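Work through the exercises below with the sequence and the 3D structure at hand. Each task is followed by a solution in steps.

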Amino acid sequence: MIPTDSPFHPDNAAGYQAWRAAKLAGYPTCGEDLIVKVRDPRELSDAEYRAIWQRIAKTNMAIYATDLGEAEDKEALSLLAAQFGLTHLDANWLADEDGISSLTPHEEDGQKRGEFIPYTHKPIRWHTDGYYNPPERRIWAMALHCVRAADAGGINDLYDHELAYIALRDANPAHIRALMADDAMTIPARIDEQGVARPDEPGPAFLVDSGPQHFPTLHLRYTARTISIAWKQDAATLAAVQALDALLHSNPRGVFSLGLAPGMGVLCNNILHTRSGFSDRPEHRRLLYRARYHDHLRNLRG
Ligand SMILES: [Fe+2]
């Protein structure tokens, strides 16, 4: 349930307008504005910390640039994330044993992972991470760290889901109501050899998390893919989903396109993102670390 005084509550017009004005004031206009150079990601200086937090607070994301280059240093990523309250990693069976996934192409080596798009050279359409996770395993935040870049492509488009919320609510508040419904989307049952491994799981697309440690936080579960998600088949939901699809296709203001260079990464509150297709070489495979968390980004030096 969303508190009625939350700006995200569809009936709170005054609260929404005030939040919207503050949100859009001084919003960055290009991806470069999000980049913060950091000397040592394991231990940020106060100035670096403030610069990263300022971007996260405004846009739900920040890009950091280190001198790590192609060093395969997962610990640096973990320690950086922990400084913003990210400590509970999602256990995903494709992740490495430490819980951080090494996203690199596996199509040719016969590994099972190569059947999943993140482990290929293919483009990935707009989505938020872990939209299929059950409520107790929501991915509130995630980090991507580039170890080796592609020779060409592999560009990430990033879009603050709060901007998507604003665009949809401004177009028609009914879109928000539809996407906040408890049965807006259903993750289809997963069937294994023994029968049903997990039943159909309905849930909202937009939701507000108001845990004890943080402000009510807007979250979006979404994928542009149609095979792994079933939208409610009523006029209001279909209109809302179509409006969101059209918005993302229109390359709206606030979409940042970034090619992460080695040593660079993204910290975000699980914003909308894509990846373009890419090419690399067997002896120099693109490698990104991906860490998904059950925590929200928090300012621990506030
Ligand atoms: Fe993703």
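Two strands pair if DSSP finds at least two bridges between them. The model used here is predicted.

**Exercise 1.** Determine how many bridges join strand β8 and β11, and in which sense the two pair.

Solution. Strand β8 covers residues 185-187, and three bridges connect it to β11. The pairing is antiparallel.

**Exercise 2.** Identify the protein donors of the iron ion and their spacing along the chain.

Solution. The donors are His127 (NE2), Asp129 (OD) and His273 (NE2), at 2.1 to 2.2 Å from the iron ion. Their spacing along the chain reads H-x1-D-x143-H. Distant parts of the chain are linked here: His127 belongs to strand β4 (residues 124-127) and His273 to strand β17 (residues 272-275), 146 residues apart.

**Exercise 3.** Is His273 buried or exposed, and what surrounds its side chain?

Solution. Buried means under 20% relative accessible area. His273 has 6% relative accessibility, so it counts as buried. Its side chain makes a polar contact of 3.0 Å with that of His127. A polar atom of the His273 side chain also lies 2.9 Å from the backbone oxygen of Ile271. Beyond its neighbours within four places in sequence, His273 is in contact with residues including Trp126, Asp129, Met142 and Leu158.

Note on methods. Residues are numbered from 1 along each chain as its sequence is written. This is a predicted model: local features need pLDDT of at least 70, side-chain atom pairs count only at pLDDT 80 or more; totals for chains, interfaces and linings use all residues. Side-chain values use heavy atoms; hydrogens and water are left out. Helices (H or I, at least four residues) and strands (E, at least two) are DSSP runs, numbered from the N terminus. Donors are N, O and S atoms within 2.8 Å of the metal (3.2 Å for Na, K and Ca); water is not among the atoms, so sites may look incomplete. Buried means under 20% relative accessible area, exposed over 50%, partly exposed in between (1.4 Å probe, protein chains only). A polar contact is a pair of N or O atoms within 3.5 Å; within protein, one must be able to donate a hydrogen and the other to accept it, and residues adjacent in sequence count only if both atoms are side-chain atoms. Contact means heavy atoms within 4.5 Å.
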